[in-house]
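Subject: Structure handover, with notes on pockets and helices

Dear colleague,

I am passing the structure below to you, together with some notes on what was found in it. Please read the notes beside the coordinates.

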Amino acid sequence: QINNDEVNIASLTKLCIEQEAVLLDLAQVLSRRRATAAIALENRVGEILAQLNMESARMEVTQLQSDAVRETGIDDLEFLIATNPNQTPGSLRRIASGAELSRISLAIQLAIAETSGQHQTLVFDEVDVGIGGATADILGGLLRTLGRYQQILCVTHLPQVAAQGHHHLVVEKMGGRRKQRTAITTLNETKRIDELARMLAGQDLTVESRAHAEAMIGAVVEKNSNKYKSV
């Protein structure tokens with residue numbers, strides 16, 4: 001071994017160069033696949049954002065290649081967003097407001113979940129700020145769809161969103177001024193109808209508000225039942 005060390009070093013050096021070339025080829029293949037996937041992701045996120053009353057928003061994925069191959073390849077990726085027409089896309093963390101960021105995050109997670117099959121827990125807060133009516137109903141439907149792939153915790157004050165959850169929990173602050181505690185209660189079917197009725201019409205429950213709440217839950221059940229039948 002000592003007598004042949006120069007030969008061994010030359011052989012190993014050649015092998016390293018060959019393997020680095022193979023590694024670079026694989027990294028470039030990965031980079032090209034990422035570029036293709038980025039276009040599909042941008043388009044799908046745009047479709048979902050349009051449903052969430054952000055028709056003017058568009059997301060772009062920038063992809064810069066580095067010289068060195070790292071554990072994740074040769075790409076540096078960043079998500080850019082423009083929320084207004086004719087706006088130059090900028091960094092997602094600088095451009096989007098809290099409510100917009102929640103909706104953009106929902107759109108990205110839903111687009112990814114449809115193909116990746118990854119399982120994780122996601123928390124959405126203020127995702128429904130500034131929306132209502134039909135858009136809130138669409139938002140609730142998208143959250144419910146995402147809930148098929150992930151565990152979703154959503155803080156909401158909109159009955160259109162709350163009605164579409166698989167479970168309904170009420171968060172309440174209890175106690176006096178000096179000492180308060182937060183209680184979280186899972187509602188059964190009857191109490192859930194009462195809670196939705198309060199969200200619709202205030203503290204005074206009426207026959208009409210309860211009927212409206214029952215109809216909302218019934219519509220969600222029927223819509224999703226038909227959806228699964230068609231699959």
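Predicted model: local features only at pLDDT ≥ 70, side-chain atom pairs only at ≥ 80, totals over all residues.

Residues are numbered from 1 along each chain as its sequence is written, and side-chain values use heavy atoms, with hydrogens and water left out.

**The chain**

The chain contains seven helices and seven strands, where helices (H or I, at least four residues) and strands (E, at least two) are DSSP runs numbered from the N terminus. Their order along the sequence is α-β-β-β-α-α-β-α-β-α-β-β-α-α. The radius of gyration, taken over C-alpha atoms, is 25 Å, whereas a compact globule of 231 residues would come near 17 Å, by the rule of 2.2 Å times the number of residues to the power 0.38. The C-alpha trace spans about 95 × 45 × 45 Å along its principal axes. Of the 231 residues, 32% count as buried, that is, under 20% relative accessible area, with exposed meaning over 50% and partly exposed in between (1.4 Å probe, protein chains only).

Asn-53, which follows helix 1, has a positive phi near 65°.

Helix 4 is mostly covered, with ten of its 14 residues buried, including Gly-140, Gly-141 and Arg-144.

**Ala-163**

Ala-163 sits in the loop between helix 5 and strand 6 and is buried, with a relative accessible area of 3%. Leaving aside neighbours within four places in sequence, Ala-163 is in contact with Arg-192, Leu-196, Met-216 and Val-220, contact meaning heavy atoms within 4.5 Å.

**The pockets**

On a 1 Å grid over the protein atoms alone, a cavity is a set of points where a 1.4 Å probe fits but cannot get out, and a pocket is an open set with protein on both sides within 12 Å along at least five of seven lines; lining residues have an atom within 4 Å of a point. Grid points are joined across faces, edges and corners, and a volume is the space filled by probe spheres set on the points.

The largest pocket holds about 1100 Å³ of space and is lined by 32 residues, with Cys-154, Thr-156, His-167, His-168 and Leu-169 nearest its centre. Strand 5 supplies the largest share of this lining, five residues.

The second largest pocket has a volume of about 270 Å³. Twelve residues line the second largest pocket, and Leu-41, Ala-111, Ile-112, Thr-115 and Ser-116 are the closest to its centre. Helix 3 gives the most to this lining, with six residues.

With best wishes
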